[in-house]
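Open the model in a viewer and keep the selection panel at hand. The stops below go from the whole chain to single residues.

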Amino acid sequence: MLRPRIIPCLLVENGGLTKTVQFKPGKYVGDPLNAVRIFNEKQVDELIVLDISATMEGREPDYDLIRALAAECRMPLCYGGGVRSEKQVSRIIASGVEKVALSSAAVENPLLVTRAAREVGGQSVVVVLDVKKKRLSRKYEVFTHRGQKGTGRDPAELAREMSELGAGEIVINSIDRDGTMKGYDLDLITRVKNVITCPMTALGGAGSVDDIKTIFQHFGLLGIAAGSLFVFKGKYKAVLINYINDKDELFTTQ
């Protein structure tokens with residue numbers, strides 16, 4: 001049976017794992033390599049690792065960490081953070097990573113998506129759009145630089161543009177739902193999914209296995225990513241790397 005990819009999303013800051021809520025300063029939750037080793041044992045479908053401070057600090061991608069992650073990972077790995085050129089994309093892919101995530105740089109320079117796709121193949125180029133809902137409105141806006149810089153761009157419109165420019169996947173990340181564990185923004189996901197032809201992954205808000213099942217029931221074969229759900233356990237949010245035990249049972253339709 002075909003089913004969605006269920007993807008843990010790990011945030012890295014200063015070499016350690018962190019978890020944010022609505023993009024505010026995060027909580028340290030451990031060592032990224034240890035988390036990867038645990039996810040290996042749990043047979044995770046895919047893994048996203050995002051360095052959330054690289055762009056803000058104007059840094060290059062952390063190639064030492066990238067090589068270490070790629071050597072440890074037994075599942076497809078997507079890495080993002082500080083990537084601003086197609087040469088950086090190529091270097092990351094050469095390190096053993098399957099996909100490279102572009103965010104701020106893609107929004108500021110959309111042709112980077114096309115150049116990167118030509119360099120490594122569109123299937124390896126992922127565009128992450130961080131989205132916030134406008135106050136007192138049903139409209140949404142894409143933000144960059146860790147949610148600090150508004151772009152004035154509608155996420156559906158921008159996602160379609162990125163898809164047409166050669167992106168192999170779009171990740172829609174809800175800033176409002178980030179770390180809240182109150183469920184995904186179904187309206188946002190619907191708006192974007194309706195206008196793009198490339199694969200899409202939803203991120204932001206998962207608090208339970210039922211939230212993931214809801215996405216499957218609404219959208220079918222969609223990438224489903226989560227952060228807090230896979231690093232915290234229980235109402236007091238004790239740090240515990242975990243995953244879904246029986247994915248096939250989860251997505252069996254009655």
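A residue is called buried when its relative accessible area is under 20%, exposed when it is over 50%, and partly exposed in between, with a 1.4 Å probe and protein chains only. By that rule, buried residues make up 55% of the 254 residues in the protein. This is a predicted model, in which local features need pLDDT of at least 70 and side-chain atom pairs count only at pLDDT 80 or more, while totals for chains, interfaces and linings use all residues. Residues are numbered from 1 along each chain as its sequence is written, and side-chain values use heavy atoms, with hydrogens and water left out.

**Whole chain**

Start with a cartoon view: the protein has 11 helices and 14 strands, counted as DSSP runs from the N terminus (helices are H or I, at least four residues; strands are E, at least two). The C-alpha trace spans about 45 × 40 × 40 Å along its principal axes. Of the contacts (heavy atoms within 4.5 Å) with a separation of 6 or more, 66% are between residues 24 or more positions apart.

**Helix 7**

Select residues 155-165, which form helix 7. Which of its residues are buried? They are Pro155, Ala156, Leu158, Ala159, Met162 and Ser163. Seen down the helix axis, these buried residues fall within an arc of 165°, so they line one face of helix 7; the arc is that of the directions from the axis to the C-beta atoms.

**Helix 6**

Move to helix 6, where the buried residues are Leu112, Val113, Thr114, Ala116, Ala117 and Val120. Their cover includes helix 4 (86-94), strand 6 (99-102), helix 5, strand 7 and helix 7. Just after helix 6, select Gly121, which takes a positive phi of about 100°.

**Thr151**

Finish in the loop between strand 9 (149-150) and helix 7, where Thr151 is found. Is Thr151 buried or partly exposed? At 27% relative accessibility, Thr151 counts as partly exposed. Show its contacts, leaving aside neighbours within four places in sequence: Val107, Glu141, Val142, Phe143 and Thr144. To check one of these, draw a C-alpha to C-alpha distance from Thr151 to Glu141: the two are 10 residues apart in sequence and 7.0 Å apart in space.
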